[in-house]
Amino acid sequence: MAFSGTGKVWMNGKIVDWADATIHLASHVIHYGSGVFEGARCYKTRNGSAFFRLDDHMRRLVDSARIYRMEYRLDQAGLTQAVVDTVKANGLPACYIRPLIYRGYETLSVNPLPCPVECTIMVWEWGAYLGAEALEKGVDVRVSSWNRSAPNTFPAMAKSTANYANSGLIKMEAVLEGYSEGIALDTGGHLSEGSGQNLFVVRDEVLYTPPSAASVLPGITRNSIITLAHDLGFAVREMELPREMLYIADELFFVGTAVEVTPIRSVDKIQVGDGRRGPVTTAIQKAFFDYVKGNVPDRHGWLTPVDIPATKPEAAAASR
Ligand SMILES: Cc1ncc(COP(=O)(O)O)c(C=O)c1O
């Protein structure tokens, strides 16, 4: 999806035009991946716009920054308010939200500490990450030849820009060979996750998902799906899973802010179940979309309503 190139970006406290949201080439983050970020969504619900688990995303952002010794001048509450301001300034009733804390311009020593800690927030309209059809029909994936990072190398619990060099390798390998995604193993050979999404395996109506020690990002959607699965009466087991579980699963699906709940219909050209979105995936997907669209009461307190002003004249003009 290409950007429209319009809209407003929050940069260190100022709202600027999309075209002016630039940083210097000598910024540390460009050279050494010294950034941490989030991906959250604001949904258009039947009761107006609402953020989905924004506090949890902002907490993870602050946690990621802490792991990398980056202290920004705003705390979690201040950063959350900045997200609200940015979404309102863009007038988008539904959008994807990308806050980024990074090391800026000072020196290009590998040591990031002398470089200033800066923050930007972008928002844009982003529909189904793997395509609308994928949500219904599922995607074809392969097991990646790349592993997720070993423990005590790149911290998997931090959503760091550096981790996405590995994600890029997984994704490129998959798409160049005609697959939509790759599933990576951890360095012990156990199932880990996709390039930008967590994984669930279904067998005999029990849900399985790799634990945080399997080098996965502790996904907020993953956590939501575990809760919704329990609500539906399914057992969920977080445990180390061998690769071959993929080939004998009744159903498989990815979850994440971008992919939401996307079924997987084949792995390494082996059909999953009967090659269609299965009944458990269908029930979970429905529970998820009913929740984020406000079709059911917000019983877990995951939605934060936000008043989005009517679209700004300049944004409306640009979309014409
Ligand atoms: C590597 C990786 N795993 C899992 C996820 C899913 O996390 P979440 O549900 O918090 O978006 C993401 C998405 O950001 C990701 O990049």
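Is Phe200 buried or exposed? I looked it up, and at 0% relative accessibility Phe200 counts as buried. I use buried for under 20% relative accessible area, exposed for over 50% and partly exposed for anything in between, with a 1.4 Å probe and protein chains only.

**Ground rules**

I note that this is a predicted model, in which local features need pLDDT of at least 70 and side-chain atom pairs count only at pLDDT 80 or more, while totals for chains, interfaces and linings use all residues. Residues are numbered from 1 along each chain as its sequence is written, and side-chain values use heavy atoms, with hydrogens and water left out.

I take helices (H or I, at least four residues) and strands (E, at least two) as DSSP runs, numbered from the N terminus. I started with strand 7, residues 117–124, where six of the eight residues are buried. I then checked its pairing; two strands pair if DSSP finds at least two bridges between them. Strand 6 (residues 95–103) runs antiparallel to strand 7 and is joined to it by eight bridges. Strand 1 (residues 8–11) also pairs with strand 7 in the antiparallel sense, over two bridges. I looked up Ile121 in strand 7: it is the bridge partner of Pro99, and also the bridge partner of Trp10.

**Aromatic pairs**

A pair of aromatic rings is described by the distance of the centres and the angle of the planes. I count rings of Phe, Tyr and Trp (its six-membered ring) as paired if their centres lie within 6.5 Å; planes under 30 degrees apart are stacked, over 60 edge-to-face, and the rest tilted. My search of the whole structure gave 13 aromatic pairs. One of them is Tyr96 with Trp124, a tilted pair at 5.1 Å centre to centre with 50° between the planes. Tyr96 sits in strand 6 and Trp124 in strand 7, so this pair ties together parts that are 28 residues apart in sequence. Tyr96 counts as buried at 4% relative accessibility, and Trp124 counts as buried at 9%.

I next took Phe200 and Phe253, which form a stacked pair, 5.2 Å centre to centre and 10° between the planes. Phe200 is in strand 11 (residues 198–203) and Phe253 in strand 14 (residues 251–256), so the pair links distant parts of the chain, 53 residues apart. Phe253 is buried as well, at 0% relative accessibility.

I also noted a cluster in which ring pairs link Phe3, Trp18, Tyr96, Trp124, Trp126 and Tyr129.

Helix 3 covers residues 76–90; its 15 residues reach 21 Å from first C-alpha to last, close to the expected 21 Å. The expected span is 1.5 Å times one less than the number of residues. I listed its buried residues, among them Leu79, Val83, Val87 and Asn90. I count contact as heavy atoms within 4.5 Å. The cover over the buried residues of helix 3 includes strand 1, strand 2 (14–17), strand 5 (48–52), helix 2 (54–67), strand 6 and strand 7.

Gly91 follows helix 3 and has a positive phi, near 60°. I place Gly91 in the loop between helix 3 and strand 6, and it is buried, with a relative accessible area of 4%. I checked Gly91 against Val206, 115 residues away along the chain, and their C-alpha atoms are separated by 42 Å.

**Ligand**

Which residues come nearest to the ligand? Of the 16 residues around the ligand, they are Lys159, Tyr164, Glu193, Thr221 and Thr257. I use around for a residue with a heavy atom within 4 Å. A polar side-chain atom of Lys159 is 2.5 Å from a ligand oxygen. The side chain of Glu193 has an N or O atom 2.6 Å from a nitrogen atom of the ligand. For Arg60, an N or O atom of the side chain is 2.8 Å from an oxygen atom of the ligand.

**Helix 6**

Helix 6 runs over residues 220–231, and its end C-alpha atoms are 17 Å apart, which agrees with the 16 Å that its twelve residues should span. Its buried residues include Thr221, Ile225 and Leu228. Just after helix 6, Gly233 has a positive phi of about 95°.

**Thr262**

Thr262 lies in strand 15, residues 260–267, and counts as buried at 1% relative accessibility. Leaving aside neighbours within four places in sequence, I found Thr262 in contact with Leu130, Ala134, Leu135, Val139, Phe253 and Phe254.

Methods:
A polar contact is a pair of N or O atoms within 3.5 Å; within protein, one must be able to donate a hydrogen and the other to accept it, and residues adjacent in sequence count only if both atoms are side-chain atoms.
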